[in-house]
Amino acid sequence: MSDVTDRKYIKTKFEGVFYRLSSKKRNLKTGEPDRIYCFCYTDAQGKGHWKTVGRHSEGVRPPMVKSERAKFIAEIAVTGVNPTARDKVTIGQLVDAYLEWGRSEGKYVDQHYSQYSAHLKAKIHDLPVSDLSSGLLSNLKAELLATPTGNTKLKKVAGQPNVKTRKRKTLAGQTVNNIFSFMRSAIA
């Protein structure tokens, strides 16, 4: 019974693929503990980590875990970012990296960045990318479309010399589209 509750990882015939026995869930047919498959990898500092893929009862098998491990390691090699640490990346970090890249490539990104800085930076710059949702973006867009801006001086009404009105100006729809297009380019 002690081997069921141990967190011991048991090696499979596939490189880097292991399983451990579940202490809570058992196979209904055989009564044996369910297998939880995972793989190991090392980060840039040489420290080892475990990533759980799934259970045997859910259809996960060692060859599947081997291919998941290969994809995971390939993504680290290509992007240089650990996929599990991607959730900690903020929108601000992506925007800053995009600005650096755009300027180095000679692209003109400063005008759209100034619009982003003026209207959205305070609201979402420190937000993790994983928390970004379509509902949040819709709310931000509606908020921007209602944002007052521009010249708010009293204007004379044509044909009535003594009557002055104050027309409230808001951000133009194209300005909002430019801000969101800039964000989309930075995040994608």
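**Figure 1. The whole chain, element by element.** Starting at the N terminus, the order of elements in the protein is α-β-β-β-β-α-α-α-α-α-β-β-α. That comes to seven helices and six strands, where helices (H or I, at least four residues) and strands (E, at least two) are DSSP runs numbered from the N terminus. This is a predicted model, so to speak of local features takes a pLDDT of at least 70 and side-chain atom pairs count only at pLDDT 80 or more, while totals for chains, interfaces and linings use all residues. Residues are numbered from 1 along each chain as its sequence is written, and side-chain values use heavy atoms, with hydrogens and water left out. Of the 188 residues in the protein, 27% are buried, meaning under 20% relative accessible area, with exposed over 50% and partly exposed in between (1.4 Å probe, protein chains only). The accessible surface is about 12,700 Å², and carbon and sulfur atoms own 52% of it; areas come from the Shrake-Rupley method with a 1.4 Å probe, and for residues only the protein chains shown count as cover. Taking contacts between residues at least 6 apart in sequence, 42% link residues at least 24 apart, a contact being heavy atoms within 4.5 Å.

**Figure 2. Where α4 meets α7.** Helix α4 packs against helix α7 (residues 173–187) at an angle of about 100°, with the axes 9 Å apart. Axes here are lines fitted to C-alpha atoms, for helices over the stretch in contact, and angles run from 0 to 180 degrees between N-to-C directions. The two helices, α4 and α7, are therefore roughly perpendicular; that label covers 65 to 115 degrees, with under 35 roughly parallel, over 145 roughly antiparallel and the rest oblique. On the α4 side sit His112, Tyr113, Gln115, Tyr116 and His119, and they meet Thr175, Asn178, Ile179, Phe182 and Met183 of α7. The residues of this contact split into five nonpolar, five polar and no charged (Ala, Val, Leu, Ile, Met, Phe, Trp, Tyr, Cys and Pro count as nonpolar, Asp, Glu, Lys and Arg as charged, and the others, Gly among them, as polar).

**Figure 3. Close-up on Gln115.** Gln115 belongs to α4 (residues 110–119). It's buried, with a relative accessible area of 14%. Leaving aside residues up to four places away in sequence, Gln115 touches Leu120, Thr175, Asn178 and Ile179.

**Figure 4. Close-up on Tyr116.** Tyr116 is also found in α4, and at 0% relative accessibility it counts as buried. With residues up to four places away in sequence not counted, Tyr116 touches Ile91, Val95, Lys121, Ile124, His125, Ile179, Phe182 and Met183. Tyr116 and Phe180 are 64 residues apart in sequence, yet 8.3 Å apart in space, C-alpha to C-alpha.
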